[in-house]
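Hi,

Here's the structure I said I'd pass on. Have a look at it first, and then read my notes below.

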Amino acid sequence: MLELKNISVVFNQGTVNEKIALSHVNLELEKGDFVTIIGSNGAGKSTLFQTISGAVEATEGQVILNGQDLSHMPEYKRSRFIGRLFQDPLKGTAPSMTIEENLSLASQRGQHFRLTLFSHKHKQEMKQALAELNLGLEERLDMKVGTLSGGQRQALTLLMATYVKPELLLLDEHTAALDPKTAQKVLEISSRLVEEHQITTLMITHNMEDALKYGNKTMIMKDGQVIAVIEGDKREKMSVEELIHLYSSSTHDYNDRIFLKQ
Ligand SMILES: Nc1ncnc2c1ncn2[C@@H]1O[C@H](COP(=O)(O)OP(=O)(O)OP(=O)(O)O)[C@@H](O)[C@H]1O
């Protein structure tokens, strides 16, 4: 489904500022896999997402999705079938447009955008999808998105990213800027949407509990490399303490956000 073949990313190659952000990363995912990614600061997690989404071109290696080599495809073309959410709830939605207008744009992913409002049937479908978020947004279609709270906005962004099912969804610490209660709610919505629609998903998190609670695989990164992928029985039985132990053997940076949170 998603194959990363020997991906390396070197920034400022050949200069004094040369930085190897990813080094020979290999990964093979099945359709519907939901992988949580943890790793110390600077491990290369965001660079990995940048490389998959096309914001950064790999220095070496290939990104293959459903058999198609995306390595040289520009980011805007990949965005037709790769959804991405960021930490900042302000990204991903248009604040001066209404909820309905934002969802109208999301429903046209991969087509030429036209700002058309929904037919009655589509409106009902949209209301149903909003109702499933359980945030009361289905009664506020005319509300400007800029007036929503961070959690509501991130849940809406999530709905928009999955409204037309993407082939791959990248969640880049998308709940890190929310308060803990709202973060859990948005994570639960994420997990439900991903499972319902069987969307292959990668999620970066600094929360070890969430890394084990959500998804079916957990990947640990260090110094630009994938050092472990935990899955199956081993993952089922793994406690947060064991994961922290495994993780801590990969980093000695005790200013790392994971340690500061425990
Ligand atoms: N555009 C860039 N130019 C030069 N170096 C970069 C660039 N982007 C990232 N890096 C470096 O590459 C390494 C990996 O960075 P990356 O942001 O991918 O790590 P991360 O695992 O997402 O870290 P964090 O958890 O702190 O966000 C870091 O050393 C970073 O400083």
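Before we get to the strands: two strands count as paired if DSSP finds at least two bridges between them. Also keep in mind that this is a predicted model.

With that in hand, take β6 (residues 82-85) and β7 (residues 168-172). They pair in the parallel sense, with four bridges. For one of those residues, Leu85, the bridge partner in β7 is Leu171. If you look at the side chains of β6, Ile82 and Arg84 point one way, while Gly83 and Leu85 point the other way. Which of them are buried? All of them, on both sides of the strand.

β7 turns up again around helix α6 (residues 180-196). That helix has 17 residues and runs 24 Å from its first C-alpha to its last, close to the 24 Å expected at 1.5 Å a residue. Its buried residues are Ala183, Lys185, Val186, Leu187, Ile189, Ser190, Leu193 and Val194. What covers them? The cover includes β7, along with β3, α5, β8 and α7. After α6 comes Gln198, with a positive phi near 50°.

Now for the ligand. The residues surrounding it are Phe11, Asn12, Lys19, Ala21, Gly39, Asn41, Gly42, Ala43, Gly44, Lys45, Ser46 and Thr47. The elements giving two or more residues to this shell are β2 (19-29) and α1 (45-53), and α1 gives the most, with three. How does the shell divide by residue type? Three are nonpolar, seven polar and two charged.

Methods. Residues are numbered from 1 along each chain as its sequence is written. This is a predicted model: local features need pLDDT of at least 70, side-chain atom pairs count only at pLDDT 80 or more; totals for chains, interfaces and linings use all residues. A residue is near a molecule or strand if its C-beta atom, placed from the backbone, lies within 6 Å of it. Ala, Val, Leu, Ile, Met, Phe, Trp, Tyr, Cys and Pro count as nonpolar, Asp, Glu, Lys and Arg as charged, and the others, Gly among them, as polar. A residue is buried if 20 or more other C-beta atoms lie within 10 Å of its own, exposed if 12 or fewer, and partly exposed in between; C-beta atoms are placed from the backbone. The expected span of a helix is 1.5 Å times one less than its number of residues. Two residues are in contact if their C-beta atoms, placed from the backbone, lie within 7 Å.
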